[in-house]
Amino acid sequence: MAEVNLTLVTEFLLIAFTEHPERALPLFHLFLFIYLFTLLGNSGMIVLIRMDRRLQTPMYFLLSHLSFMDICYSSVTVPQTMAVLLEHGAALNYARCVAQFFLFTFFGSIDCYLLALMAYDRYVAVCQPLLYVTIMTQKALLSFVAGSYVAGLLSALVRTISAFSLSFCGNNEIDFIFCDLPPLLKLTCGESYTQELVIIVFAIFVIPACMVVIVVSYLFIIVAILRIPSAGGRAKTFSTCASHLTAVSLFFGTLIFMYLRDNSGQASEKDRVVSVFYTTVIPMLNPLIYSLRNKEVKEALGKVFNRLKTS
């Protein structure tokens with residue numbers, strides 16, 4: 001029998017977007033601008049919610065945690081992407097790749113759970129308005145958010161342990177912007193059925209489970225809105241959900257494309273673009289979505305600007 005020489009991988013080389021060196025500097029500046037805007041926008045949203053009493057409601061309490069997660073989520077991947085662009089590739093040792101994978105899964109999972117909780121909040125507000133205050137209490141909110149963090153931690157542990165129980169050998173190049181599951185699976189060798197099955201079960205549990213909560217909540221919301229007799233009343237009620245629905249569509253749409261499909265074959269340009277969208281662009285867009293499409297946030301921003309003008 002012929003011996004096959006397989007060298008186990010001890011470090012990974014990120015090479016996304018390095019095939020066009022002339023684009024590296026413009027892309028670096030673009031990523032830097034997006035990252036700074038993400039930090040400023042989400043930090044500003046958190047401060048605004050803490051400062052304005054009208055925004056100290058269950059929905060905005062959850063939104064402040066979503067903004068914090070977006071800062072963390074983006075910080076795990078964007079600085080690394082900028083390093084790849086500046087250095088025309090970046091080497092990550094095994095431990096750094098594991099850490100990045102774990103943190104990305106941790107923050108991303110919490111994002112999913114928070115968006116599902118926000119959908120439930122909208123359901124209670126629209127369908128059971130008289131019970132809203134008794135259901136969405138401060139104690140309940142803290143329990144919901146704590147549960148999201150614990151579930152995110154468990155999800156990240158299961159996914160990371162399963163992914164890095166695989167053997168990686170031969171080529172160590174990852175044509176991607178960070179250590180993520182689809183490109184890592186392309187580097188595996190040997191038997192990986194059990195680990196891949198656990199990873200698939202994880203994806204089915206986290207993404208579709210959160211989507212079920214969101215879809216069911218919005219089905220009840222739509223039914224409740226259709227029962228409102230006046231067109232103005234229907235429009236006003238729907239406007240309270242429009243921002244969240246937009247954020248959900250963008251976030252889960254890209255996650256479905258990346259994780260709930262066949263990932264065989266080489267990473268395509270489309271994969272890299274989609275990964276940039278959900279790791280970099282969406283965290284930047286969320287503050288814009290919730291400020292431009294939300295009357296309370298716009299009024300709170302107006303008050304802040306007026307104070308700055310008069311001071």
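Which cysteines form a disulfide, and how far apart are their sulfur atoms?

A: Quick caveat before the details: this is a predicted model, so local features need a pLDDT of at least 70 and side-chain atom pairs count only at pLDDT 80 or more, while totals for chains, interfaces and linings use all residues. Residues are numbered from 1 along each chain as its sequence is written, and side-chain values use heavy atoms, with hydrogens and water left out.

Now the bond itself. The partners are C97 and C179, with their sulfur atoms 2.1 Å apart. A disulfide here is a pair of cysteine sulfur atoms within 2.5 Å, and by that rule the count comes to one. The torsion about the S-S bond of C97 and C179 is about -120°, so this disulfide is left-handed. C97 belongs to helix α3 (residues 94-127), and C179 sits in the loop between β4 (173-174) and α6 (181-185), so the pair ties together parts that are 82 residues apart in sequence. For the labels: helices (H or I, at least four residues) and strands (E, at least two) are DSSP runs, numbered from the N terminus. Both C97 and C179 are buried, where buried means under 20% relative accessible area, exposed means over 50%, and partly exposed is in between (1.4 Å probe, protein chains only).

What about other cysteines? C72 is in no disulfide, and the nearest cysteine sulfur, that of C112, is 15 Å away. C72 has 15% relative accessibility, so it counts as buried. For C112, the closest cysteine sulfur is in C210, at 5.2 Å, which is too far for a bond. C112 is buried too, at 3% relative accessibility.

Back to α3, the helix that holds C97. S109 lies in that helix as well, and it is buried with a relative accessible area of 3%. Leaving aside neighbours within four places in sequence, S109 is in contact (heavy atoms within 4.5 Å) with G152, S155 and F202.

Then the aromatics. A search of the whole structure finds 17 aromatic pairs. One of them is F106 with F107: the ring centres are 5.2 Å apart and the planes at 45°, so the pair is tilted. The rule is that rings of Phe, Tyr and Trp (its six-membered ring) pair if their centres lie within 6.5 Å, with planes under 30 degrees apart counted as stacked, over 60 as edge-to-face and the rest as tilted. F106 is buried at 16% relative accessible area, and F107 is buried at 12%. Ring pairs also link Y73, F104, F176, F178, F251, F252 and Y278 into a cluster.

On to helix packing. The axes of α1 (residues 24-51) and α10 (residues 295-310) come within 11 Å and cross at roughly 90°. Those axes are lines fitted to C-alpha atoms, for helices over the stretch in contact, and angles run from 0 to 180 degrees between N-to-C directions. That makes α1 and α10 roughly perpendicular to each other; angles under 35 degrees count as roughly parallel, over 145 as roughly antiparallel, 65 to 115 as roughly perpendicular and the rest as oblique. From α1, M45, L48 and M51 meet V297, A300, L301, V304 and R307 of α10. By class, this contact has seven nonpolar, no polar and one charged residues. Here Ala, Val, Leu, Ile, Met, Phe, Trp, Tyr, Cys and Pro count as nonpolar, Asp, Glu, Lys and Arg as charged, and the others, Gly among them, as polar.

Next up is M284, in helix α9 (residues 269-292). M284 is buried, at 13% relative accessibility, and it touches I34, F37 and T38, not counting residues up to four places away in sequence. M284 and K295 are eleven residues apart in sequence and 20 Å apart in space, C-alpha to C-alpha.

Two last spots. Most residues other than glycine have a negative phi. H88 has a positive phi of about 55° although it is not a glycine. H88 is in the loop between α2 (58-87) and β2 (90-93) and is partly exposed, with a relative accessible area of 47%. I135, in helix α4 (residues 132-135), is partly exposed at 27% relative accessibility. Setting aside neighbours within four places in sequence, I135 is in contact with Y120, V124, Q128 and A140.
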